[in-house]
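This report describes a few places in one protein model. The sequence and structure come first, and the text follows them.

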Amino acid sequence: MISRQRMEHTGTEFVRAIIGRSCDESRFIELLRPFVGDRCSYLVPSGRVGLYLLFRLLARRKAIIPAYTCRVVVEAAKFAGIETHFVDIDLGTYNMLPQQVEAFAGPDTVIVATHQFGIPCDIRQLADIAEHSGALLIEDCAGALGTKLEGIPVGNAGLAAVFSFEATKLLPLGAGGLVTLADATDAAKFSALLEECVCHFSATRLAARVMLDSFATSKVLFPLVHALFSNANGATADDGQCEEVWEASRYRHMRPWQIRLGTALATRIHDVISRRRDIAATYLKKLAGIPGIELPVFPEESEPALIRFPIRVTNIPKIDFYRECVRRGLDLAFSFSYTCSDNVNDCPSASIAASQVVDLPIYSHLHGHDADLVVQRVLGAVNSGLELGIVNDQYVSEH
């Protein structure tokens, strides 16, 4: 079975990171400069912690957030004591609609400009909105490390940006992230806030989790792991519910072995991005025009570095489509099967995305024939759904 995701490191890189002794944080950050820009940069325990600290630093009353996004963004605002206002998304790019942002932006707001899945949002227009309204702009680049717009890495238009090194990201270190800031005064204040964080995960526990993830997604073990996971959790374990209790002070800086592993990955990240772009090109070419499958749209002059390849299944309930793919030996990820907004009528496109989006595998370990197999199994699932009468007229009319 082809797994939905795999960590990008090799076994050798992981072992060397675990047994190594040197730890050069500054070199790791310098290797990331071509992908994040030349700003004040700080390693953080996670993207969520980074966002939380930025919300505290900027001290605005309200955050404008896309309704279709990861719940941890909402958690970061919630626990920083900031009110959230959700705006709808474009169903091609999965990014927030600037016209809705403009309607709510003001001197008391922070605009969280998310580059969803590595697809760049309209950051120029959002920057203009922030400037004219008095709002502050930060970029959520959690899934967009390596993405460029007009030749410039995303994360360089706002006051600050957050990148994630969580297990599903382009640079998967199990946990951790990077915050970049344009202003030196803000950077010093951010550094002071960061020092409040303390250790939560032990090096042994996190390292074991990363190692197990690598083994669990291998072609030999994954069918068994998938069966166990599905029996316990269904297709996805994330229902979008925010944690009731969360404290940034439970976490601390990245562990030395993570920095060593990140340094090794950063030296070849160009190749990882290039391979993912080749896979995306295969999907775009071979799935174009297929009835019932809507492909993502990439803005002009953009160079996405995708962590997901989202497709919308429009004429078959996505859980049935997923099961048909699994039956054929293809696992799919679910991104967000929820919308963060409580009011469906305010954000209808976010609700549609939550009900229709599944993600095709796009990690660099996939070979050319693997990408072709993914296409074949997607087409087989679509055709089988039609032949078995899974398509529901009411479902199609409602979505």
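The model is predicted. Gly380 lies in helix α14, which spans residues 368–387. Between Gly380 and Phe321 there are 59 residues of separation in sequence, while their C-alpha atoms are 9.9 Å apart in space.

Asp331 is placed in a loop, the one between α12 (318–327) and α13 (348–356). The side chain of Asp331 makes a polar contact of 2.7 Å with the side chain of Arg4. Apart from neighbours within four places in sequence, the residues in contact with Asp331 include Met1, Ile2, Ser3 and Arg4. Phe222, His226, Tyr322, Val326 and Pro361 are also in contact with Asp331.

| Residue | Relative accessible area | State |
|---|---|---|
| Asp331 | 1% | buried |
| Gly380 | 17% | buried |

Gly380 counts as buried because its relative accessible area of 17% is under the 20% cut-off.

Helix α2 covers residues 25–36 and has 12 residues. From its first C-alpha to its last, α2 reaches 15 Å, close to the 16 Å expected at 1.5 Å a residue. Which residues of α2 are buried? They are Phe28, Ile29, Leu32, Arg33, Phe35 and Val36. These residues lie on the same side of α2, because they cover an arc of only 165 degrees around the axis. In an α-helix, residues three or four places apart point the same way, because there are 3.6 residues a turn.

The buried residues of α2 pack against strands β1 (40–44), β7 (152–153), β8 (160–164) and β9 (177–181), and against helices α10 (256–266) and α11 (269–286). Just after α2 comes Gly37, with a positive phi of about 95 degrees.

Note on methods:
Residues numbered from 1 in each chain as written. Predicted model: local features only at pLDDT ≥ 70, side-chain atom pairs only at ≥ 80, totals over all residues. Heavy atoms only, no water. Helix = DSSP H or I, 4+ residues; strand = E, 2+ residues; numbered from the N terminus. Buried < 20%, exposed > 50% of the residue type's maximum accessible area, 1.4 Å probe, protein only. Polar contact = N/O pair within 3.5 Å; in protein donor to acceptor, adjacent residues only side chain to side chain. Contact = heavy atoms within 4.5 Å. Expected span 1.5 Å × (residues − 1). Arc of directions from axis to C-beta.
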